[in-house]
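Keep the viewer open as you read.

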Amino acid sequence: RVLEELDRLGLRQNTIIVFWGDHGFHLGENGIWGKATNFELSTHVPLIISTPDLKTKGRHTRALVELVDLYPTLAELAGLPAPKNLQGRSLVPLLNDPDRGGKPAAYSQFPRGRAMGRSMRTDRWRFTLWQEGQKTVARELYDHQNDPAENTNVANLPEHAATVAKLTRQLGATWNAKP
C-alpha cells in the first residue's frame with residue numbers, strides 16, 4: 001500500500017524505503033520467555049529495502065547483514081559520503097546482486113546474569129562466548145545445518161574443538177578491533 005501510494009503521488013522515483021523490525025520474542029524456545037538474547041530467534045530481524053533504481057525488485061537474499069549496515073547503505077543510495085569510521089558496510093552491492101556473499105559473520109551482545117555473551121552468526125554456526133570480566137565461563141555452539149532451532153549446544157563435543165577454537169579467535173579479533 002505504501003509503495004502504491006508513493007507511485008500514485010509520483011514520489012517513488014526519488015524515495016528510498018527501509019523497513020525493519022524489532023528483534024524476536026522467545027515463547028519458551030530455548031527455555032526462555034522474553035527477548036534480548038543471543039539466539040537466532042532474538043537476533044534475526046526482517047529487513048526490506050526499496051530504491052527507485054533497484055534492478056532486482058522482489059528478490060531476497062540469505063546473505064548475512066547487520067543493522068549497522070543501514071547507514072552506509074543509505075548514504076551510498078542517496079549519493080552522500082559516509083564517514084570513514086563506520087562499522088557497517090554498504091549493502092548496495094548485495095541489493096544489485098542478491099546471490100553474492102554477505103559478511104562472514106553478524107554479531108550480537110546480550111548479558112545473562114553477571115556474564116556478558118558475545119555472539120557471532122556465520123553461514124553455518126552461531127557461537128557465543130560468555131565472560132565475567134576477562135574470564136570465560138561458558139561457550140555455546142549451534143550448527144544451523146543440523147539444528148536451526150539452536151536446541152543442542154555442541155561446543156564441548158571433541159569433534160567441534162577446532163571449530164570452537166577458530167570461532168573464538170575470529171570473535172576475539174573482531175570484538176577487540178578498533179573502528
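Start at Ser50, which sits in strand E4, residues 47-50. Helices (H or I, at least four residues) and strands (E, at least two) are DSSP runs here, numbered from the N terminus. A quick word on ground rules: this is a predicted model, so local features need pLDDT of at least 70 and side-chain atom pairs count only at pLDDT 80 or more, while totals for chains, interfaces and linings use all residues. Residues are numbered from 1 along each chain as its sequence is written, and side-chain values use heavy atoms, with hydrogens and water left out.

Is Ser50 buried or exposed? Ser50 counts as buried, because its relative accessibility is 11%; buried means under 20% relative accessible area, exposed over 50%, and partly exposed in between (1.4 Å probe, protein chains only). Its side chain makes a polar contact of 3.3 Å with the side chain of Arg12. For that term, think of a pair of N or O atoms within 3.5 Å; within protein, one must be able to donate a hydrogen and the other to accept it, and residues adjacent in sequence count only if both atoms are side-chain atoms. Skip the neighbours within four places in sequence, and Ser50 is in contact (heavy atoms within 4.5 Å) with Leu3, Arg12, Thr15, Ile16 and Ile17.

Now for the charges. A salt bridge is a side-chain nitrogen of Lys or Arg within 4 Å of a carboxyl oxygen of Asp or Glu, and by this rule there are eleven. One of them pairs Arg59 with Asp99, with 3.0 Å between the closest N and O atoms. Arg59 is in the loop between E4 and helix H3 (70-77) and Asp99 in the loop between helix H4 (92-96) and strand E5 (106-112), so this pair ties together parts 40 residues apart in sequence. Arg59 is partly exposed at 44% relative accessible area, and Asp99 is exposed at 61%.

Glu66 and Lys103 form a salt bridge too, at 2.5 Å between the closest N and O atoms. This pair also links distant parts of the chain, 37 residues apart: Glu66 is in the loop between E4 and H3, and Lys103 in the loop between H4 and E5. Both Glu66 and Lys103 are buried.

Further along, Glu132 and Arg114 meet in a salt bridge of 3.2 Å, N to O. Glu132 lies in strand E7 (residues 125-132) and Arg114 in the loop between E5 and strand E6 (115-121), so parts 18 residues apart in sequence are tied together. Glu132 is partly exposed, at 32%, whereas Arg114 is exposed at 72%. Finally, salt bridges with shared partners join Glu40, Arg121, Arg126 and Glu150 into one network.
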